[in-house]
Amino acid sequence: MKSTPLSLIAGTVALAAVTGFAALTAPGDAGEPEARAAARLPVERTSLLCPAPSTSDVAETEYTSFTPAGESGGEAGAAELEPAEPLPADEDAPAEEDAEKDADKDADKAKDDEAEDKAADGKPVISLKEPGKPSTAETDKSDAPALIGTATGKLAPGWAAQQTTTAAAGGARGLLGVSCTAPDTDFWFPGASTSAKRQDYVHLTNPDDTAAVADIELYGADGALKSDVAEGITVPARSSVPMLISTLTSEAAENVTVHVTTRSGRVGAVLSAAEDEVGSDWLAASADPADTLVLPGIPADATDVRLVAFAPGEDDADVKVQLMGKNATFAPAGNDTLHIKSQMTASVDLKDVTRGEPGSILLSPADGSRTPVVAALRVVRGTGAKQEIAFIPATEPVGDRASVADNRAKGSVLSLTAPGGTAEVKVTASAGSEGGEATVKTYTVKGGTTLDVTPEAPSGLKGSYALTVETESGGPVHAARTLTLTQGGVGMFTVQTLPDDGGTVEVPTAEQDLSVLDD
């Protein structure tokens with residue numbers, strides 16, 4: 001057996017840092033690969049996609065880009081969000097990786113010149129300058145495009161971007177917030193609707209230089225909704241396509257689960273929902289199907305909460321529904337379990353379940369079947385003409401670290417919930433986008449409870465800031481940020497969850513002696 005070259009091992013480690021996956025075995029090894037100690041390294045490249053914000057003439061959108069401070073050990077790098085615009089028909093795809101260096105330099109210069117031209121036209125372009133301090137941009141254009149971004153070097157680990165739109169009037173009135181998402185091939189959106197009072201759009205954004213092909217499946221309370229036009233949807237290269245889901249089927253359903261997959265390529269997917277007389281917001285994708293889910297951050301003053309869940313497999317699911325409140329975990333009266341039929345959308349109205357205290361929903365197996373499900377919450381605050389809507393999807397734990405951008409001097413509430421054991425977390429409020437010094441506080445979250453905190457803003461804050469949550473000890477913690485802005489007497493709000501930012505990746509550690517294998 002020949003020895004494993006050093007270059008192969010080094011290349012494997014580098015690949016893992018970029019892609020998040022690598023395997024290391026010696027050529028010719030038979031059977032299971034030998035277990036080796038693993039190390040975690042900062043990622044070197046990451047991508048984010050932001051949907052087109054609004055078609056309203058009275059909407060104003062703020063974009064915030066942020067990477068938490070840390071020791072990445074990489075090159076300076078860059079992080080930029082640019083308009084998603086298709087390549088000209090006569091323009092070839094970018095050069096191969098082994099292209100001439102001079103050609104690369106010319107392409108980089110053209111890209112910079114193009115960005116300046118787009119900025120001059122009023123289209124948003126954000127360039128993040130350093131870790132630990134947000135960069136911002138804004139637009140009031142009704143035709144503002146989706147954004148495509150890549151971060152490299154020291155700006156890649158934990159890169160986050162937030163898009164926040166304020167629409168003070170019209171059918172899409174509301175505070176619409178969304179954390180820009182990474183491209184993928186599979187998304188679940190329980191909580192959508194094709195009813196006459198809702199206008200829900202799935203936004204598909206393709207970051208790559210070749211077209212992607214996507215399928216959209218819709219499921220109501222009785223199963224799949226018939227559609228002849230939701231398959232084989234082409235999303236052109238570096239473009240975004242919004243799809244009004246009520247036009248994909250003739251069936252009106254109040255509670256719908258949307259499933260987006262790609263046949264080729266990858267996309268970013270997020271759903272915008274506008275409901276007559278209630279407002280509008282973005283619905284982010286649920287965490288992957290699992291038998292236990294956490295939906296954190298229901299505001300204490302919520303007046304109406306609806307749980308929507310879906311079982312994508314062949315088996316029905318019976319789940320326990322529990323509220324993790326301020327002091328304990330308990331079952332909502334009359335709604336302690338939910339039966340979810342296979343490939344059918346189930347829902348339950350929990351009404352004002354929090355009753356003036358912060359809370360989070362925990363779904364877990366009720367019958368031992370451990371059937372995977374996806375879920376989301378539709379949350380309403382206010383009454384009558386002052387109602388406002390937001391959505392909370394099931395989310396992964398904070399893990400090592402998670403961040404959310406665009407926090408203001410007033411209006412931000414951070415919800416922390418520990419479904420297992422008691423945990424301790426560190427919360428960092430970054431420097432402000434226009435000035436101010438970061439602040440750090442530590443919180444203890446009792447197991448089975450939800451803790452709402454008003455973040456301590458950076459000292460001398462100017463502009464907006466980002467929040468970074470890091471798990472210090474104890475069990476898993478799930479988190480969500482609620483941002484509230486009051487306009488015209490209406491407390492408009494939006495909720496973003498904080499899953500692990502994936503800023504590091506596990507890679508195999510090479511043994512010290514790399515030439516011990518005999519021929």
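A residue counts as buried when its relative accessible area is under 20%, as exposed when it is over 50%, and as partly exposed in between (1.4 Å probe, protein chains only). The structure is a predicted model, in which local features need pLDDT of at least 70, side-chain atom pairs count only at pLDDT 80 or more, and totals for chains, interfaces and linings use all residues. Residues are numbered from 1 along each chain as its sequence is written, and side-chain values use heavy atoms, with hydrogens and water left out.

Ala317 belongs to strand S21 (residues 317–324); strands (E, at least two residues) are DSSP runs, numbered from the N terminus. Leaving aside neighbours within four places in sequence, Ala317 is in contact with Ala311, Leu338, His339, Ile340, Thr371 and Val373, where contact means heavy atoms within 4.5 Å.

Next come the aromatic rings. Rings of Phe, Tyr and Trp (its six-membered ring) pair if their centres lie within 6.5 Å; planes under 30 degrees apart count as stacked, over 60 as edge-to-face and the rest as tilted. By this rule there are three aromatic pairs. Phe187 and Phe189 are stacked, because their ring centres lie 6.4 Å apart and their planes meet at 15°. Phe187 is buried at 7% relative accessible area, and Phe189 is buried at 0%. Tyr219 and Phe310 form a tilted pair, 4.7 Å centre to centre with 45° between the planes. Tyr219 lies in strand S12 and Phe310 in strand S20, so this pair ties together parts that are 91 residues apart in sequence.

Methods. Helix = DSSP H or I, 4+ residues; strand = E, 2+ residues; numbered from the N terminus.
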